[in-house]
Amino acid sequence: MPNRLANETSPYLLQHADNPVDWWPWSAEAFEEARKRNVPVLLSVGYSSCHWCHVMAHESFEDQETADYQNAHFVNIKVDREERPDVDAVYMEAVQAATGQGGWPMTVFLTPDAEPFYFGTYFPPAPRHGMPSFQQVLQGVRAAWSDRRDEVTEVAGKIVRDLAGREISYGDGRAPGEEQLAAALLGLSREYDPQRGGFGGAPKFPPSMVIEFLLRHHARTGAEGALQMAQDTCERMARGGIYDQLGGGFARYSVDRDWIVPHFEKMLYDNALLCRVYAHLWRATGSELARRVALETADFMVRELRTNEGGFASALDADSDDGTGRHVEGAYYVWTPEQLTDVLGPQDAELAAHYFGVTEEGTFEHGASVFQLPQHEAVFDAEKTETVKRRLLEARAARPAPGRDDKVVAAWNGLAIAALAETGAYFDRPDLVEAALGAADLLVRLHLDDHARLARTSKEGHVGANAGVLEDYADVAEGFLALASVTGEGVWLEFAGFLLDHVLTRFADDSGALHDTAADAEKLIRRPQDPTDNAVPSGWTAAAGALVSYAAQTGSEPHRTAAEKALGVVKALGPRVPRFIGWGLAAAEALLDGPREVAIVGPALDDPGTRTLHRTALLGTAPGAVVAVGTPDSDEFPLLAARPLSNGEPTAYVCRNFTCDAPTTDPDRLRTQLDV
């Protein structure tokens, strides 16, 4: 018989709806039940494509004996971290403070007042590697609750007080300048891996936000070292196993320093961020590899993640059926030499093995290899390799596919909208711009209410109950701003303004610091607030970047001031931990450059001369430049006001810092104006 999760919209929660554990969703009623029964709360947090979440579910939550014990002695709450990033952030901070590490699944025991007192992540069904079994943990917590209640309550109270005292270093409320951005670049160069690209050791995550900063810093200053780090890292990732050499798109991270063996889950946010980064790298360098990867990644998102409603699903699982009924990580993606021969025959299999780096001993497990694109001395016939790729992709499509987490997360769809809009514009792919418009339309129709408040998630056209957090407002605004620049439709600028007004009124405090949850959101044991980037830009730095762009488009002083204040934290953290605040550094580069405001006026949007100037403006590398396009009588963009045609011809106007260049009708002249 299904438990209380059967009516939830989260695919992760629905995966647990048939567990014998009597799960509750996060709710006031669950804590009231714990108070009534006088038992602690077991909080389990995970997400749909998390490998070890599935393992613990199979080992423990599907086990009747374990479930009976949980049900008898705890109120059990299951949370999808992607639906409730606020709940996840608050308790993950406590786990990391107490244990020095964190991760998912996250297992936390709480008092009925939601105060944490015992923490962990994955617990095995039997003791191993120095870890207690999950049963032992349950019994130990139950004994402590029954026999040492005062001690448990005291520990919980101290943890909450300690969390309340963990204030972040906010800086002085002023945006970073040349000195801090140069110090950030120096810090990155010290952590850079010159042999392999990327930063730090294993596991290695794609540093998309840092690369955005490096590209902007190079554009503004000409620093060749910044461009080199960005180029080399992008090439190593694109040639490695972290990139799907057959189907396009990136896996979550590499378990090794060489980008060879990925953790195979494919997340929407990684692919959106990396699609945009490779498009920007092409814009800066003309790299054919960057062009190919940007387009293949965009096509992957549209082909495999777009939902029937027009939004984009959250993720593809790492695991899939290996053909024997067992769910194995990477089964969908890896190949043995024998499998290549079965599909291609001996001669073409030999070519494919050489081309993709497939070896007899394998680069993964059980003699299988992850496809890479090694540097070769030999020259391959392009038509032949494309035929081989197509045949392998067709054969792979017949394998059992990884599961898909179909929930639509507002923030991540905002990132996808920005990436697809720009990639479509750069490479003359109107279908990609249409896909971005479809996702934006879904967010407006389904996720936005009459007061422009955002819901965080939806699934199959049904909106979820959870309120949007700061990253939702910021990233959706970012997507809408990109869409406005690409399409010339001012309504997207208007919607971005509605969202950013919420940032100013509900997420900012008097000092200009930003909080991850709104002032009127559900009260947790702590109001989460984290300016550092993780897998995605932090809500704080994403909001700062969107505020910079919106202020440039509209001339709004309150939004500009809010952006400058918010970037104060980048001034404090950028020189110290640049790897973890790349989006904030990128926003600071835009602010330092102006950013430039480009207005394109023409007799019509589809006029060839107007289109040429518009495309030239979009391809400008000046950091964070904003573009408005329309007719002289248009009132859709403030930047178009009082901008006449020159001698009846389409005309471009470039301004920054309250100073404008002479208007031009010449695309080459415009290109020069947008070079730093």
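Predicted model: local features only at pLDDT ≥ 70, side-chain atom pairs only at ≥ 80, totals over all residues.
1. The buried set comprises Trp492, Leu493, Phe495, Ala496, Gly497, Leu499, Leu500, His502, Val503, Arg506 and Phe507.

2. Helix α19 itself has 17 residues. From its first C-alpha to its last it reaches 24 Å, close to the 24 Å expected at 1.5 Å a residue.

3. Two of the partners of α19 may be described in more detail. Two packed helices are described by the angle between their axes and the distance between the axes.

4. Helix α18 covers residues 470-487 and helix α19 residues 491-507; their axes come within 8 Å and cross at roughly 155°. An angle over 145 degrees counts as roughly antiparallel, and α18 and α19 are therefore roughly antiparallel to each other. Their crossing is left-handed.

5. On the α18 side, the contact with α19 is made by Leu470, Tyr473, Val476, Ala477, Phe480, Leu481, Leu483, Ala484 and Thr487. On the α19 side, Trp492, Leu493, Phe495, Ala496, Leu499, Leu500, His502, Val503, Arg506 and Phe507 take part. Sorted by class, the residues of this contact are 16 nonpolar, two polar and one charged.

6. The pair α19 and α21 has another geometry to record. The axes of these helices come within 11 Å and cross at roughly 60°, which makes α19 oblique to α21. The crossing of α19 and α21 is left-handed.

7. Leu500, Asp501 and Leu504 of α19 meet Pro558, His559 and Ala562 of α21 in this contact. The residues of the contact of α19 with α21 divide into four nonpolar, one polar and one charged. Leu500 is listed in the contact of α19 with α18, and Leu500 is listed again in the contact with α21; Leu500 is also among the buried residues of α19.

8. A separate point concerns helix α9, residues 208-221. Helix α9 has 14 residues and reaches 20 Å from its first C-alpha to its last, close to the 20 Å expected at 1.5 Å a residue. Of the 14 residues of α9, 13 are buried, so this helix is largely enclosed by the rest of the structure.

9. The residue that comes just after α9 also deserves a remark. Gly222 takes a positive phi there, of about 80°.

Terms used. Residues numbered from 1 in each chain as written. Heavy atoms only, no water. Axes fitted to C-alpha atoms, helices over the stretch in contact; angles between N-to-C directions. Helix = DSSP H or I, 4+ residues; strand = E, 2+ residues; numbered from the N terminus. Parallel < 35°, antiparallel > 145°, perpendicular 65-115°, else oblique. Left-handed = near helix turned anticlockwise from the far one by under 90°. Contact = heavy atoms within 4.5 Å. Nonpolar A, V, L, I, M, F, W, Y, C, P; charged D, E, K, R; others polar. Expected span 1.5 Å × (residues − 1). Buried < 20%, exposed > 50% of the residue type's maximum accessible area, 1.4 Å probe, protein only.
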